[in-house]
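Thanks for coming. I will walk through one model today, starting with the ligand site and then moving to a few places elsewhere in the chain.

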Amino acid sequence: MYNTISHWQNGVAQRAIAFGKLLLELGMRISVIGSGYVGLVTAVCFAELGHDVTLYDNDPTKQDVLRQGKSPIHELYVSELLKRHLGTKLVLSDALPESVDQSEAIFVAVGTPPTENGEADLSYVESVAREIATNIKDYKIVVGKSTVPVYTSEWVRRVMLLNGAPANLFDVASNPEFLREGTAVTDFLYPDRIVIGTDNLACEERLRKIYEPLVSGSYYSRADAIPAPTPVSGPARLIATTAKSAELIKYASNAFLAMKISFINAVATLCESVGADVDQVREGIGSDSRIGTRFLNPGLGYGGSCFPKDLSAYRAVARECGYDFRLLEEVMRINNDQRERFLRKVRNVLWTLKGKRLGVLGLAFKGGTDDVRESPAVAVVKSLMDEGCKIQAYDPAAITNAREILGSQHIEYVASALDAAKDADALLVLTDWEEFRSLDLAEVRRLLHYPIVIDGRNMFSPDTMAEHGFIYTSVGRPDVVHEIPGVKSGSGRPQKPVLRTPPVETVKAP
Ligand code: UGA
């Protein structure tokens, strides 16, 4: 870690190390309410920064798993941090009053699931606020980590006052998280920015103290620090805002990222119609530093527990505040269309679907996670099963979760990508797991019944697929097709494939 910050002034680094050591001794007492995805990562990372953390949850099943030192989620470094800190810097609790009592800062990370009309259900946040209010004995800050609509901090304050919490004993803040599943721990410890939103100076000071090891950079000087995903260019940036601004920053960030994805997906559709290559277009637009290439990967569209839910909630919040944010509706529409377009491609290539055996690579909503919530892959598989296909699916981590949604009829869960390809009429790539990039393509081709790969995540280059003799369709790029349609020549061997850019379908006028 030291050499990554060698360009820093020596004196500054030394002072930061000394300050970091002091902080380790003076860590704050923090409670995290809710051991879901955000709560668990927040708790282990605060412990890693040297704070004394109590992680509260009222779900005995989750508590049992954690008590055994196991992570209930598939997330890099969480198990390691549990091992480092459980029983020392991190303790578990199933008693909220006790957790409140022991802490100077309470981070609320309970769920905010969507209601039927797309709004965020804040009933868990409210009930936690009530419980904190009735148990408060000395000054605490109550910090919102859950993704919530603007005004939530204000409502939390009001609920606490109504439930008897003295105004001088607490302040409320918003500290949104920007963690991605799969890289949540390093996103927490090496953030682009930390946003703390509060309307009170004492509260801001406490939050600054909590994040000090990242803002001073002292954490990055520790020999046992979790390794940075990319070289550290300097300490984390902290942005102090009002509570309302912080709440808006969270929704607006997710909406903007989702918009980038839908934008490139719309561009990819156009590429298919005119015979352009979205990879080239992406490079061309993304190399403008004002735009950037990140989150400009076309594919099956976004899924997961955040973007779909947050966009609906943001749209609902805007409407409630008197603004019709129609752009968000279009972002969602384009996103849903991507799955339909993919299904049309499968039909185009395979003609009839009933009785076809399809190999599927990936079920998680993205690579690096076992999460299948709102997974485009699961939605596509469901549609194909409804149309009478037999599926043999492989995912490195998400099979257990996928089975709960997809069941076991008409689908077989297999142990490897090659098993998914075996005797299949086509191989479908639905999730961008890194390990798929290094597949033995020659072996895949040998195992497939027909050499057809339909790639919803653009994991392979059309040229490589052509060299291996595949018929290959991806998103926004030239198809690899055979000179003579009909798939197999008289010898039973496929014709040499060529790159072609047939318009998959014409763009409909708006
Ligand atoms: C997202 C945000 O990236 C985090 O900053 C945020 O904290 C989090 O939501 C949240 O609100 O809690 P996450 O849902 O874990 O994180 O996943 P992302 O990596 O953002 O991917 C979301 C979806 O977009 C995935 O289905 C992914 O496959 C898709 N995606 C992403 C694309 O289709 N193209 C891209 O270029 C990038």
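**The ligand site**

By class, the shell around the ligand holds nine nonpolar, four polar and seven charged residues. The classes are as follows: Ala, Val, Leu, Ile, Met, Phe, Trp, Tyr, Cys and Pro are nonpolar, Asp, Glu, Lys and Arg are charged, and the others, Gly among them, are polar. Before going further, two notes on the source. This is a predicted model, in which local features need pLDDT of at least 70 and side-chain atom pairs count only at pLDDT 80 or more, while totals for chains, interfaces and linings use all residues. Residues are numbered from 1 along each chain as its sequence is written, and side-chain values use heavy atoms, with hydrogens and water left out.

Back to the shell. It has 20 residues, and the closest are Leu179, Glu181, Lys250, Asn254 and Lys366. A residue is near a molecule if one of its heavy atoms lies within 4 Å of it.

Which elements supply the shell? Helix H10 (243-274) and helix H12 (307-320) each give at least two residues. H10 has the largest share, three residues. Helices (H or I, at least four residues) and strands (E, at least two) are DSSP runs, numbered from the N terminus.

Now the polar contacts, meaning pairs of N or O atoms within 3.5 Å; within protein, one atom must be able to donate a hydrogen and the other to accept it, and residues adjacent in sequence count only if both atoms are side-chain atoms. A side-chain N or O atom of Lys250 is 2.7 Å from an oxygen atom of the ligand. For Lys366, a polar side-chain atom lies 2.9 Å from a ligand oxygen. Phe365 takes part through its backbone, where a polar atom is 2.9 Å from an oxygen atom of the ligand. Taken alone, the ligand exposes 710 Å², and the protein buries 93% of that. Accessible areas come from the Shrake-Rupley method with a 1.4 Å probe; for residues, only the protein chains shown count as cover.

**The whole chain**

The protein has 18 helices and 16 strands. Of its 510 residues, 54% are buried. Buried means under 20% relative accessible area, exposed over 50%, and partly exposed in between (1.4 Å probe, protein chains only). The accessible surface comes to about 23100 Å², and carbon and sulfur atoms account for 53% of it. A contact means heavy atoms within 4.5 Å. Among contacts between residues at least 6 apart in sequence, 70% join residues at least 24 apart.

How confident is the predictor, and where is pLDDT below 50? On pLDDT, the predictor's confidence in each residue from 0 to 100, the protein averages 90, and 89% of the residues score at least 70. Over residues 1-9 the pLDDT is below 50, and this stretch has 19 contacts in the model beyond near neighbours in sequence. Residues 486-495 also have pLDDT below 50, with 17 such contacts.

**Some local points**

Start with helix H3 (residues 60-67). At its start, a side-chain oxygen of Asp59 reaches to within 2.9 Å of the backbone nitrogen of Thr61. After H3 comes Gly69, with a positive phi near 80 degrees. Tyr77 is not a glycine, yet its phi is positive, about 75 degrees. Tyr77 sits in the loop between H3 and helix H4 (78-85) and is partly exposed, at 22% relative accessibility.

Asp423 is another non-glycine with a positive phi, about 60 degrees. Its loop runs between helix H16 (417-421) and strand S12 (426-429), and Asp423 is partly exposed at 47%.

Asp423 is also one of the residues touched by Leu448, along with Ala421, Ala424, Ala426, Leu427, Val453 and Phe470, not counting residues up to four places away in sequence. Is Leu448 buried or exposed? Leu448 is buried, at 6% relative accessibility. Its place is the loop between helix H17 (441-447) and strand S13 (452-455).

Ser216 is in the loop between helix H9 (201-215) and strand S8 (238-241), and is buried at 17%. A polar side-chain atom of Ser216 lies 3.1 Å from the backbone nitrogen of Ser218. Ile239 belongs to S8 itself and is partly exposed, at 25%. Leaving aside neighbours within four places in sequence, Ile239 contacts Arg193, Ile194, Val195 and Ile196. Ile239 and Ile196 are 43 residues apart in sequence, but 6.3 Å apart in space, C-alpha to C-alpha.
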